[in-house]
Amino acid sequence: MPSRPTPSRPEEVQHLMASDDSARDHGLLQLPDGSAMRLLYLPPEYRSIRHYCPRVIKAFVYYLASVATFGILPLLAHWWPWLYAATKLSLASTASDFVAADSVLLEAEACPGTYDLVPLRVAPDGSVSFEYRKNRYLYDKDLREFHRLSASIEQLPVATALSRLSRGWGDDSVATLRQTFGANGMDLGVLPVERVLLQKMLHPFYVFQGVSVVLWLIEMYYTYAILILLMSLGSIAYEVATQISNMRKLQALVHNDAVVRVVRDGDVTGVPADALVVGDVILLDTGVVPADMVLLHGDCTVDESSLTGEAIPVQKQALSDLAVLLGPNLVATKKESVLHAGAGIVRHTLNAKGLVLATGFSTSKGELFRSIVCPKPVQFQIEADTYRFLAGLTLVAVLAGIQNAVDAAAAGVVWWRILVSSLDLITIAVPPALPLILTVGVGFSLTRLQRQRIFCIDAPRINLAGHLDCYCFDKTGTLTTDEMVFDGVDSLRSAHRRPSVDSIEPVPMAPPMLRTGLGVCHSVAWQVDGVTGSPLEREMLVASGHRLVSATDIQCDATGVLYERLRQFAFDASVQRSSVVVRNKATNELRVFTKGSPEAVAAVCVPASLPPTFQSSVDQYARDGYYCLALAYRDMDGVPTDAQRDSVEADVHLLGLLLFRNPIKDEAFEVVRTLQRAAIDVRMITGDNALTAIHVSRKLQLLVRPVYLVDVHAIDGVVLVDVSAPGRPPTPFVTSHLERGDVALTGAALFALQSALPPTDVHAIVLQTKIFARIRPDQKTWIIEQLIRAGKHVGMCGDGTNDCGALKAAHVGLALSDAEASIVAPFTSRDKNIGDVVTLVQEGRCALTTSFVAFKYMVMYPVVQVVLTSTLYASMISLGNNQFLLDDMVIVLGLSMLMLQTGPSRVLTRHRPPETLFARPIVASLGGHVVLYVLCFTLLRLVLVAEPWYCTVDEAKTRMRAQCFTYVAPDNDGYTRQSYENTVLWLYGHWAFVLLAIAMNIKDPFRQSAWSANRPFLAYVVGMVLLLVLLTLTSAPTVLSAFELVAIPAEFRWEILGVVACHGVGAVVWERFATRHRAMDEDAPRLTSSPIVV
């Protein structure tokens, strides 16, 4: 273990402050038993690191400054950890040593300018580490820098692992490993309620709200201040409850309190799952797999549906290839022997043993959950734009506050009252209901999705679904059904015939050797209560006339012959084959049968066994939409105990083709048509045969032009195949030819192009490609990342089996899985319905538009109040408590909450919502409404001043005119409330809130009509209109007294309603025609094929 670092020298401090690109990516851990374990260092997730230590004098000065600034300094230090480090801690000197009270300040790699202050952990033996983003960073004394440590086996020979099966680790080694790597647990950071509550309360917005409430209480707006306080507390409580509930649900998914049987010091003992360490030898039991493991003895059946969405249990077998080095890449190279943490063991052989490959957050499940709780920063443009808009409104309010201070000082108002009234204008600029409105709006969308059985673990991504302009689909199980239909076989016995449906033979008519291979070469496993395996392989087993009679024996029903499975090599995606070695118990003959993709099987066949029509037959079946597998065999003299896959699967003889149909889902046609009509670029990314993928794509009308397939030829390298002309030979690959039609690209060609062309050229080819076939899981993820890099908003839909990386890499990933909380994607369709893609896009566009509408309304709300309040302040008039209360709590809050409930449009159009709050439609809408409101407000004020009965506050105060209203002296603050200006302008101001709600909720392409589909909103608008009409026309003394209004002539009240009507018509016309209608027509995208430039 790395020992306690020696006192730092100047160069050591430099190594600690910034990572060195030439640093090693491995370390070595010495264990007490004399062995050594290789440590794997991962790239750090921080840009810079600085070591800080506490100093008594500096801490004392910090506390004094905190008191002197009335708590402002610690509040700012809470928001900015770098400020806390700079003001309270000291940068470690060259002579300092690590102690437990030290900390490191880290700047996030993915988000420059964002800092975290993390405490150091100094172990009793002197090792130094810290935890950051759920990973441990270990100090390397030789390199004098921290390294991100992977809690996993690295480059361990299989022979060494096999030698440990009988003895396992000793207690001293276990203690060392546990101290180095930590516990085999996943603490997602479920904070206590009080901690979360404190974090929410110290958010800048809620701190601002707290200051605002204090100012309003000083101004004696008691009822209003208390209600705003209660609303803010309600918003905080909702956010706290939601966060804690979600985190507890996630924590429940990773909790494992099982007791695991492990080999320690040669004895089998039970230990808690979180006490496992890397390299532990585990005896398999049914239940949840406690850590990533490699199976080294026996075999088992595993249910991986909770991780991959694959409902069919998969077979795992012991790894016996002694040339393999155990490490993180074993998942890709020896998938058939790796058990993932969180999967369920359904069945296992007696005394099956596995070796722990990785623990905690270094497991595949741990990485998935780490990506959830520590996600890569996703730029939510609306959030950034919100702060910019609020900054602009605050600037306007500051200018208005300065003007108010000048006017109030000239009128002789006391200084504290000038300060309070000026700050009051600033508090008005930030709507108190804004965070609640934006949170609840997404919550309504989330509720609607849940009602349609679409589960979401990342609610902010709902808005991202509204931006989607590219959607990628897996084929098998997504666009097509998840079950294959076995049609029969083609033994290719006739060398001179064109393959067709008539060439397909029923299995009973096939050659006996082909039937035998079909009956024994599969992954169906025997259990006491039945057999397990994919429905397709079970169907083939039945069709072959064979059945499992024990875990190793298969019987032919027709002949009664028993075949014993001696060795089995599960399907490996890297080689596209599976194999089995069987012994005929009657004759003791040994044979190996190999099954896989035609090209993979042909690669290991004796060339003479391949008929001349082999490749043309495969291609034609693929063109006809068939899914093809090839089957081959060879006789064996014996099976060495250390026989490896390469030697077993060599020099086989082709038996024929196995042919399946994978019907296209009925709903897939409408889904693709709907997305294409909505100007969403639809692509296919599949591991299936390219010609089969092209056939399905043509059926779905994904491809309408001539199709050019970019593939790899054994002799010519990368070639271009004109699929529309089957007889035409392939031509050398030329990028300019891709412009002639639609492009399909194979995984092999993609790999070859990546090796031969510059990245920019490959990127351009990817953008031009519509169909990606024979693509590996890692290539799927890379393709999604390339599309995102091109500026596209990308969605991905898959069944979760091989699509995990792509589903997580996409902006919006939808997994078709019946698991309630699938963690492979932000969204899960529990009904496995591809139509949920359209639902998700509709809901995303609705949620995004609703956020824009709510934001525009929340922006206009302070605009109306700032204009009204600053105008009144200029005349030494202020609004009353009940006036603020009616505007904020009854009109604005009610309307803004109810308008959020409008559901998505049932029609997906080619229009898309704006991508930013500064988009032309939104800026034009806000600008027009501001101008319209100011014009009508100014007009009404000019009309008021021109009335013969009008008098100013000063005239009322000195009683210069007999017909003036009765002046009410202010409560020693210099501002009165009852005046003609207050009455008229306030009556008009709250009308503006209703008019804006009506105008901003006219029908748009993304939401249903609020007037027919959102009955509560309609009813509330009608109620508010009736209320405001009565309030405008009434002269009842009780009403006037309650709102501190003065009586005005009835004729003028009708003039107010006239201005209101003009404003309403103007607002609707502006929103509908000048802003929304023209913007939609001009900015709507159209699908075009961009020419490739290489």
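Author: A polar contact is a pair of N or O atoms within 3.5 Å, one able to donate a hydrogen and the other to accept it. The model discussed here is predicted.

Reader: What makes the approach of cysteine 846 to the side chain of threonine 850 a polar contact?

Author: The backbone oxygen of cysteine 846 lies 2.7 Å from a polar atom of the threonine 850 side chain. The limit is 3.5 Å, so the pair falls within it and counts as a polar contact.

Reader: Where does threonine 850 lie, and why is it called buried?

Author: Threonine 850 belongs to helix 29, residues 836-874. Its relative accessible area is 5%. Buried means under 20%, and threonine 850 is therefore buried. Leaving aside neighbours within four places in sequence, threonine 850 is in contact with Leu900, Thr902 and Arg1007.

Reader: What does the side chain of threonine 1034 reach?

Author: That side chain reaches the backbone nitrogen of alanine 1036 at 3.1 Å. Threonine 1034 lies in the loop between helix 35 (1015-1033) and helix 36 (1037-1042).

Reader: How do you know whether threonine 1034 is buried or exposed?

Author: Its relative accessible area is 18%. Since buried means under 20%, threonine 1034 counts as buried. Not counting residues up to four places away in sequence, threonine 1034 touches Val1039 and Arg1053.

Reader: Why is isoleucine 372 placed in its accessibility class?

Author: Isoleucine 372 has 19% relative accessibility. That is under 20%, so isoleucine 372 counts as buried. Isoleucine 372 is part of helix 12. Isoleucine 372 and alanine 825 are 453 residues apart in sequence and 9.7 Å apart in space, C-alpha to C-alpha.

Reader: Where is aspartate 651 found, and is it buried or exposed?

Author: Aspartate 651 is in the loop between helix 22 (645-648) and strand 34 (653-661). Its relative accessibility is 52%. Exposed means over 50%, and aspartate 651 is therefore exposed.

Reader: How do you know whether alanine 679 is buried or exposed?

Author: Alanine 679 has 7% relative accessibility. The value is under 20%, so alanine 679 counts as buried. Alanine 679 lies in the loop between helix 23 (666-677) and strand 35 (681-685).

Reader: How are two packed helices described?

Author: They are described by the angle between their axes and the distance between the axes. Helix 9 (residues 222-254) and helix 30 (residues 881-899) pack at an angle of about 30°, with their axes 7 Å apart.

Reader: What is the orientation of helix 9 and helix 30 to each other, and which residues meet?

Author: Angles under 35 degrees count as roughly parallel, and helix 9 and helix 30 are therefore roughly parallel to each other. Among the residues that meet are Tyr222, Leu227 and Met231 in helix 9, and Phe884, Asp888 and Leu893 in helix 30. By class, this contact has nine nonpolar, two polar and one charged residues.

Reader: Which residues form the contact of helix 18 with helix 19?

Author: Arg515, Leu518 and Gly519 in helix 18 meet Met540, Leu541 and Ser544 in helix 19. By class, the contact has three nonpolar, two polar and one charged residues.

Reader: How many residues of the protein count as buried?

Author: Of the 1094 residues, 55% count as buried. The protein has 37 helices and 43 strands.

Methods:
Residues numbered from 1 in each chain as written. Predicted model: local features only at pLDDT ≥ 70, side-chain atom pairs only at ≥ 80, totals over all residues. Heavy atoms only, no water. Helix = DSSP H or I, 4+ residues; strand = E, 2+ residues; numbered from the N terminus. Buried < 20%, exposed > 50% of the residue type's maximum accessible area, 1.4 Å probe, protein only. Contact = heavy atoms within 4.5 Å. Nonpolar A, V, L, I, M, F, W, Y, C, P; charged D, E, K, R; others polar. Axes fitted to C-alpha atoms, helices over the stretch in contact; angles between N-to-C directions. Parallel < 35°, antiparallel > 145°, perpendicular 65-115°, else oblique.
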